[in-house]
Amino acid sequence: MSGKPTYKSDFLNVLESRGFIAQSTNLEGLDEKAATGIVTAYIGFDATAKSLHAGSLIQIMMLHWLQQTGHKPIALMGGGTTKVGDPTGKDEQRKLLTDADIEANIEGIKSAFAKFLTFGDGPTDAVMVNNDDWLSKLGYVEFLRDYGVHFTINRMLTFDSVKLRLERESPMTFLEFNYMLMQAYDFHELYNRYGCILQLGGSDQWGNIVNGVELCRRKDGAEVFGLTTPLLTTASGKKMGKTEGGAVWLNTDMFSPYDYWQYWRNAEDADVATLLARFTTLPMDEVNRLATLQGAEINDAKKVLATEATALLHGREAAESAAATAQKTFEQGGLGGDLPTIDIAAGDLSNAALVDQFIAAGLCASKGEARRHIKAGALKVNDEVLADERNLTASDVRDGAVKLSVGKKKHAIIRIR
């Protein structure tokens with residue numbers, strides 16, 4: 001960030017410069033707290049799968065920068081709330097998991113956090129806690145009597161998580177309706193156990209966060225704070241952390257470092273500056289320099305993005321290895337030079353049907369076979385699943401080449417001349 005800092009605290013200056021701030025309950029008050037002492041803050045992660053995916057990275061990076069600027073992060077595992085299911089952004093009730101499923105998922109999720117946070121017993125060391133430790137011990141009647149009185153149905157119906165479901169006439173169970181009470185109670189509990197005064201989250205969680213801030217004011221007589229990030233979609237409107245082939249998981253056994261590197265390398269040109277700011281730790285001067293690159297040079301910025309993002313999660317060695325493999329595949333014509341290679345003139349790109357290229361490269365015997373593979377999700381272009389029949393485009397070209405794949409073992413290269 002250049003020029004005069006906007007805030008007194010390093011924490012909010014970093015978040016502002018990197019584009020993390022969407023909404024806040026009292027930014028000036030939070031800034032004062034962060035400038036004069038250690039702020040303890042949390043984000044909740046429900047344990048619905050054995051790994052988080054790249055869509056959760058924006059929240060993890062907020063905790064990362066919180067700690068890097070001298071504050072204490074809490075990674076709250078939703079062992080209790082996962083039993084209920086967050087209705088936010090959902091058209092139907094989430095599948096209910098068993099206690100054993102949830103515990104196994106939490107164990108799987110833990111490994112990713114250690115890559116971004118330092119855990120321990122120090123004043124700014126991160127801690128991981130599970131809200132099942134207190135939620136499962138609550139007596140239902142006592143909970144309604146002591147906490148239910150602080151929530152009105154009128155206000156709850158105004159929150160997007162509820163309103164959108166009702167507008168779409170999608171059933172919403174009373175179980176799900178209770179989710180926001182439970183999340184608010186988490187903030188109250190963390191305030192009392194850890195002195196936690198800040199909840200972070202995506203802007204879709206704003207209503208839930210405000211409920212928690214209000215509950216702490218009513219029950220504890222305390223001012224606590226809420227801060228959200230913008231919801232991130234790609235320039236073409238895709239949800240962050242998803243590909244045609246499925247989720248971009250953070251655990252190595254579910255998504256390889258090379259595939260992770262390729263996910264970032266395949267970013268849309270218009271997203272590069274935003275992704276560099278939010279998902280790498282590069283200084284903002286360097287982010288801004290890379291963001292000015294145009295034309296073919298934007299590929300250099302994408303390679304930096306892919307390597308830096310992969311290094312954060314999988315380590316520098318794995319990131320450099322993935323970059324080297326990609327360079328060998330695309331820039332040197334294939335692994336060991338033994339991949340089938342076909343040539344296309346740059347002027348013929350828009351007239352070149354991808355189905356025909358898979359046939360020309362010997363990866364498919366006929367158009368019928370290629371179409372069957374498309375339907376099964378087996379054809380890939382630059383490691384991205386080919387969703388439908390289309391022609392090649394300039395955006396498919398990576399360093400003068402396009403990689404075609406059928407499944408995981410059959411590959412070919414198109415050289416653009």
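Mentor: Start with the term. Rings of Phe, Tyr and Trp (for Trp, its six-membered ring) pair if their centres lie within 6.5 Å; planes under 30 degrees apart count as stacked, over 60 as edge-to-face and the rest as tilted. This is a predicted model: local features need pLDDT of at least 70, side-chain atom pairs count only at pLDDT 80 or more, and totals for chains, interfaces and linings use all residues. Residues are numbered from 1 along each chain as its sequence is written, and side-chain values use heavy atoms, with hydrogens and water left out.

Now the cluster. Tyr260, Tyr263, Trp264 and Phe279 form one aromatic cluster. A search of the whole structure finds 5 aromatic pairs. One of them is edge-to-face: Phe45 and Phe113, 5.0 Å centre to centre, with 75° between the planes. Trp264 and Phe279 have ring centres 5.3 Å apart and planes at 45°, so this pair is tilted. Trp264 sits in helix α12 (residues 257-265) and Phe279 in helix α13 (residues 272-279), so the pair ties together parts 15 residues apart in sequence. Helices here are DSSP runs (H or I, at least four residues), numbered from the N terminus.

Trp264 has a relative accessible area of 1%. Phe279 has 3%.

Last, the cysteines. The search finds 0 disulfides (a disulfide is a pair of cysteine sulfur atoms within 2.5 Å). The sulfur of Cys216 is 8.3 Å from the closest cysteine sulfur, in Cys196, too far for a bond. Cys196 is buried at 0% relative accessibility, and Cys216 is buried at 0%.

How values were computed:
Helix = DSSP H or I, 4+ residues; strand = E, 2+ residues; numbered from the N terminus. Buried < 20%, exposed > 50% of the residue type's maximum accessible area, 1.4 Å probe, protein only.
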